[in-house]
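Dear colleague,

Please find below the sequence and structure that I am handing over to you. My findings follow directly after them.

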Amino acid sequence: VPWRQVHVFFGDERCVPPDHADSNYRMACEALFDHVLPASIHRMVGEADPDRAAADYEALLRTHFGVAPGDIPVFDVVLLGMGDDGHIASLFPGNEALDERARLVVAPYVDKFGAHRISLTYPVLEAARERLVLVSGAGKHPAVTRVLGDHAAPAGDPLPAERLRPTRGRTRWFLDRVAAEGS
């Protein structure tokens, strides 16, 4: 990997300071960032006002990628996880952020957690050259089966991961055994 050329952006973040135990930034620093130049890590500012943080991150994306309003930045790779409720990034079932197609970054209130999150929107996730979705844990097996199964979707709203409609590239799923097979 040409680490000196790598830039890291975040798909979502909890609205907490960067050193908080729940911070995605903190977790990524501990697990991944030994090789990436600090100036190339572009974190979402979770401790700021959520709407302001979302607007600022969208402005950062537009500036870094040189995209005008109405255009979508194209990431080489987007790394996603999927929750047991089928959420990806911070796009949760039943949330108004699922229908956002104009903005690049939103700050939805997530009832499940009683808190705001900051998240990239579908247009950004869908425009990437490649999406990698990592899923682990038996609790996610029902959502995996629903999203990747070759059966008719049940009645009702599709899970957020089912709503992902890439406009380019491919999506590859990486599952541990229990996510793929259950128990």
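Which element supplies the largest share of the lining of the largest pocket? In this predicted model, that share comes from strand 4, with four residues. Strand 4 spans residues 78-81, and Val-78, Leu-79 and Leu-80 are among the residues that lie nearest the centre of the pocket, together with Phe-9 and Leu-32.

The pocket itself has a volume of about 1400 Å³, and 41 residues line it. By class, 25 of these are nonpolar, nine are polar and seven are charged. Besides strand 4, the elements that each supply at least two lining residues are strand 1 (8-9), strand 2 (12-14), helix 1 (24-31), helix 2 (50-65), strand 7 (115-120) and strand 8 (130-135).

Phe-174 belongs to strand 9, which covers residues 170-175. Phe-174 counts as partly exposed because its relative accessibility is 40%, between the limits of 20% and 50%.

One further residue deserves mention. Ala-89 is located in the loop between strand 4 and strand 5 (105-106). The phi angle of Ala-89 is near 50°, a positive value in a residue other than glycine. Ala-89 has a relative accessibility of 9% and therefore counts as buried, the cut-off being under 20%.

With kind regards

Notes: Residues numbered from 1 in each chain as written. Predicted model: local features only at pLDDT ≥ 70, side-chain atom pairs only at ≥ 80, totals over all residues. Heavy atoms only, no water. 1 Å grid on protein atoms, 1.4 Å probe; cavity = no way out; pocket = protein on both sides within 12 Å on 5 of 7 lines; lining within 4 Å. Points joined across faces, edges and corners; volume = space filled by probe spheres on them. Nonpolar A, V, L, I, M, F, W, Y, C, P; charged D, E, K, R; others polar. Buried < 20%, exposed > 50% of the residue type's maximum accessible area, 1.4 Å probe, protein only.
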